[in-house]
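Student: I am new to this structure. Please take me through one part of it closely, starting from the overall layout.

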Amino acid sequence: MGFRFAGFRPAVFSSAAVLIFAMAAGTAIAQDAAKSTAEPAKAATAAQPAAAPATAEAAAKPGDAAAGQGKAAACGACHGMDGNSTDPQYPKLAGQSEQYIVHQLENFKSSKRQNPIMLGMATPLSEQDMHDVGAYFASKTALPGVADQALVEHGQQLFREGDVKRGIPACMACHSIDGRGNPGAMYPQLESQHAQYIQATLKAWHDGTSWGTDAHSQVMPAIAQKLSTDDIAALASYVEGLHPATAEDLPKPAAATP
């Protein structure tokens with residue numbers, strides 16, 4: 001703005017026949033035993049290659065913000081060196097969760113999320129690079145924006161209450177009451193985000209754009225399609241002005257009477 005189907009007839013055998021029968025039976029038992037011993041060993045051997053992907057998955061560690069600072073240098077051209085972009089067509093990344101940034105970089109790299117510029121930026125990145133870049137931007141603070149006062153009431157109603165009649169849930173149900181998002185569920189931070197970026201993104205979802213085929217990626221397109229043009233404008237403006245309370249926001253004490 002957030003996440004488990006004949007019995008047999010008795011016969012008389014000679015001692016030689018009994019001996020031959022016993023020897024044959026012993027051989028069969030020995031062969032069965034050898035086979036049963038060899039099969040588990042074969043299965044264990046075959047199972048070893050399957051452990052390789054798990055090792056690869058474990059290679060990426062939680063992001064290192066210090067390492068991410070250098071890796072994020074190229075990102076600064078559009079998103080700002082501290083994640084506070086000055087061009088409103090590019091989203092602010094400051095304060096965004098590491099998990100969400102990594103997920104979106106993976107989407108760009110796999111082309112689930114279409115963007116020629118970001119495809120080129122994400123393709124060379126390893127999973128560890130993505131975590132480091134995400135950790136760096138997560139360590140920064142988004143600079144507050146300003147909402148259009150004429151749109152605040154409408155935007156606030158949708159953000160905090162939604163619209164039950166139209167099946168629109170409150171934005172804060174996923175993005176939290178202050179717009180800080182839900183990192184565990186990978187619902188992004190919305191507070192202070194550029195209204196122009198939010199408006200363009202909601203409109204794209206409204207018009208059928210999707211960032212993937214998984215259930216998580218289908219949540220916002222389904223909601224955005226229920227929003228009107230006025231709804232989108234009001235929400236975008238309200239989100240830009242959403243930020244933690246500061247000293248300037250607090251009521252000023254009444255002047256003491258002399």
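In what order do the elements of the protein run from the N terminus on? And please look closely at helix H12.

Tutor: This is a predicted model. From the N terminus on, the elements run α-α-α-α-α-α-α-α-α-α-α-α. That comes to 12 helices and 0 strands. Of the 258 residues in the protein, 33% are buried.

Now to H12. This helix covers residues 229-241, which is 13 residues. At 1.5 Å a residue, H12 should span 18 Å. Its end C-alpha atoms are 19 Å apart, so the two values agree.

Next, burial. The buried residues of H12 are Asp231, Ile232, Ala234, Leu235, Ala236, Ser237, Tyr238, Val239 and Glu240. What covers them? The cover includes helix H8 (149-160) and helix H10 (195-206).

Take H10 as the partner. Two packed helices are described by the angle between their axes and the distance between the axes. The axes of H10 and H12 come within 8 Å. They cross at roughly 145 degrees, and the crossing is right-handed. On the H10 side, the contact is made by Ala195, Ile198, Gln199, Leu202, Lys203 and His206. On the H12 side, Ile232, Ala233, Ala236, Ser237, Val239 and Glu240 take part. Ile232, Ala236, Ser237, Val239 and Glu240 are also among the buried residues of H12.

The largest nonpolar core has 22 residues. Phe159, Ile198, Leu202, Leu227 and Leu235 have the most contacts inside this core. H8, H10, helix H11 (215-224) and H12 each supply at least two of its residues. Look at leucine 202 in particular. Leaving aside residues up to four places away in sequence, leucine 202 touches Met220, Ala224, Leu227 and Ile232. Ile232 belongs to the H12 side of the contact with H10.

Last, the cysteines. A disulfide is a covalent bond between the sulfur atoms of two cysteines. A search of the whole structure finds 0 disulfides. For cysteine 78, the nearest cysteine sulfur is that of cysteine 75, 8.9 Å away. Cysteine 78 is partly exposed, with a relative accessible area of 25%. Cysteine 171 is in no disulfide either; the nearest cysteine sulfur, that of cysteine 174, is 8.8 Å away. Cysteine 171 counts as buried because its relative accessibility is 16%, under the 20% cut-off.

Definitions and conventions
Residues numbered from 1 in each chain as written. Predicted model: local features only at pLDDT ≥ 70, side-chain atom pairs only at ≥ 80, totals over all residues. Heavy atoms only, no water. Disulfide = S-S within 2.5 Å. Buried < 20%, exposed > 50% of the residue type's maximum accessible area, 1.4 Å probe, protein only. Helix = DSSP H or I, 4+ residues; strand = E, 2+ residues; numbered from the N terminus. Expected span 1.5 Å × (residues − 1). Contact = heavy atoms within 4.5 Å. Core = buried A, V, L, I, M, F, W, Y, C linked by side-chain atoms within 4.5 Å. Axes fitted to C-alpha atoms, helices over the stretch in contact; angles between N-to-C directions. Left-handed = near helix turned anticlockwise from the far one by under 90°.
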